[in-house]
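Please look over the sequence and the structure shown here before reading the report that follows. The sections below take up one topic at a time.

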Amino acid sequence: MRFDRFSSPLGQPYVSAIEEVPLYHYLLGDSVLVLQMPGCPLRCPYCDRPLLARSQDWSPYDPARLAAAVEILGGEPGFAGVVWSGGEPSLHWDNVIECSRKVHEAGKKVTVATNGGVTADLLRDSPGTVDALLVRFKGFSDETYRTLGSPAGVLENSRVLVESAIAAGIHVELMLDIARNTAAQEQEFSAMLAWVTQDLRRGIPLHLRAIAPEHGFAIHHGPVMPFLENLVESGRRQHVGFVYLSNCHGHFFNNTMCPNCYSVVVDRTARPLDLSFVTDGICGNCGTDLGLTLDKEIP
Ligand code: SF4
């Protein structure tokens with residue numbers, strides 16, 4: 001289902017599976033209305049939405065129109081709510097707050113996908129606005145962020161945001177861009193794993209996004225599959241239970257496996273998702289609590 005343009009000619013809302021955000025452990029199998037916000041403080045040379053990221057041609061989303069759209073969509077089974085994406089939603093935070101209030105009034109959820117613009121302070125000063133967060137990391141060193149034209153401190157802001165959001169009971173998933181097959185890339189991944197295991201919890205989903213930066217970095221290919229698979233395996237060796245190759249569609253490493261008995265509990269190579277093996281978020285084979293948030297209205 002598509003909607004008339006709400007505001008931006010570049011960021012037309014559309015309905016998507018929540019797995020495409022990607023969120024893999026939150027309201028699995030549901031759909032969401034994706035609302036894109038223009039502008040981005042970063043300058044990734046591999047940006048896949050440069051018009052949106054550079055656009056200043058925008059007017060705020062209309063809360064009343066959004067409420068009407070959510071009401072229509074909410075009549076369909078398995079509609080979770082909205083996802084603010086971009087670009088960078090934090091650049092238009094007042095509009096996010098105003099519209100998200102309407103979404104909550106309709107009994108639906110609000111997810112924000114941020115590239116580091118949303119801060120812990122912003123979250124604290126707008127309590128109840130966000131139910132779930134996807135925090136996208138472009139790397140895990142200040143040097144990588146510098147090469148992407150980032151303002152100082154974005155990496156640290158993102159780390160603090162994640163820790164604060166978890167403490168506030170917000171559902172959080174992480175994403176890391178993987179643009180090169182290099183030892184430096186491996187080191188950044190290891191540093192991120194160390195942070196996850198020491199300061200977060202091993203059950204947090206971590207999505208690896210393979211980048212093919214043909215028009216950006218001075219290399220012509222993205223990371224090769226064995227390199228990506230090795231990263232996932234090294235996460236598992238360190239007992240980080242849920243590392244996914246989220247934009248390698250159809251790959252086995254999109255499936256959710258129980259970190260205790262290694263059963264595939266959610267097979268993402270099939271649509272619609274079969275969730276019969278994770279009733280109440282529990283592994284159907286060994287009974288391990290997988291920390292999944294399920295939509296109770298989906299049978
Ligand atoms: S953070 Fe995302 S939207 Fe912003 S420039 Fe980089 S790839 Fe583009």
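## The annotated cysteines

Cys-40 is buried, because its relative accessible area is 13%, which is under the 20% cut-off. The model is a predicted one, and the place of Cys-40 in this model is the loop that runs between strand E2 (31-37) and helix H1 (50-54). Leaving aside residues up to four places away in sequence, Cys-40 touches Ala-53, Arg-54, Gly-87, Glu-88, Leu-91 and Asn-115.

Cys-44 lies in the loop between E2 and H1, and with a relative accessible area of 12% Cys-44 is buried. Its contacts, again not counting residues up to four places away in sequence, are with Arg-54, Lys-138 and Leu-148. In the UniProt record, an unreviewed entry, the feature "binding site" is placed at Cys-40, Cys-44 and Cys-47. Of these residues, Cys-40, Cys-44 and Cys-47 are included in the lining of the largest pocket.

## A buried salt bridge and its network

The structure holds nine salt bridges. In one of them the side chains of Asp-177 and Lys-138 meet, with a distance of 2.9 Å from N to O. Asp-177 belongs to strand E6 (residues 171-178), whereas Lys-138 sits in the loop between strand E5 (132-137) and helix H5 (142-147), so the pair ties together parts that are 39 residues apart in sequence. Asp-177 is buried, with a relative accessible area of 2%, and Lys-138, at 8% relative accessibility, also counts as buried.

Which residues are linked with Asp-177 and Lys-138 in a network of salt bridges? The network is made up of Asp-48, Arg-49, Lys-138, Asp-177 and Arg-209. Within it, Arg-49 forms a salt bridge with Asp-48, and the closest N and O atoms of this pair are 3.6 Å apart.

Another salt bridge joins the side chains of Lys-102 and Glu-105, at 3.9 Å from N to O. Both residues lie in helix H3 (residues 93-105), where Lys-102 and Glu-105 are three residues apart, or about one turn of the helix. Lys-102 is partly exposed, with a relative accessible area of 33%, and Glu-105 is exposed, with a relative accessible area of 58%.

In soluble globular proteins, nonpolar side chains tend to be buried together. In this model the largest nonpolar core has 62 residues, and the members with the most contacts inside it are Trp-84, Leu-133, Phe-137, Leu-174 and Leu-208.

What does Leu-133 touch, if residues up to four places away in sequence are not counted? Its contacts are Leu-23, Val-112, Thr-114, Leu-123, Leu-161, Ala-165, Ile-170, His-171, Val-172 and Glu-173.

Note on methods: Residues numbered from 1 in each chain as written. Predicted model: local features only at pLDDT ≥ 70, side-chain atom pairs only at ≥ 80, totals over all residues. Heavy atoms only, no water. Salt bridge = Lys/Arg side-chain N within 4 Å of Asp/Glu carboxyl O. Helix = DSSP H or I, 4+ residues; strand = E, 2+ residues; numbered from the N terminus. Buried < 20%, exposed > 50% of the residue type's maximum accessible area, 1.4 Å probe, protein only. Core = buried A, V, L, I, M, F, W, Y, C linked by side-chain atoms within 4.5 Å. Contact = heavy atoms within 4.5 Å. UniProt positions renumbered as here; feature names shortened; annotations may be inferred. 1 Å grid on protein atoms, 1.4 Å probe; cavity = no way out; pocket = protein on both sides within 12 Å on 5 of 7 lines; lining within 4 Å.
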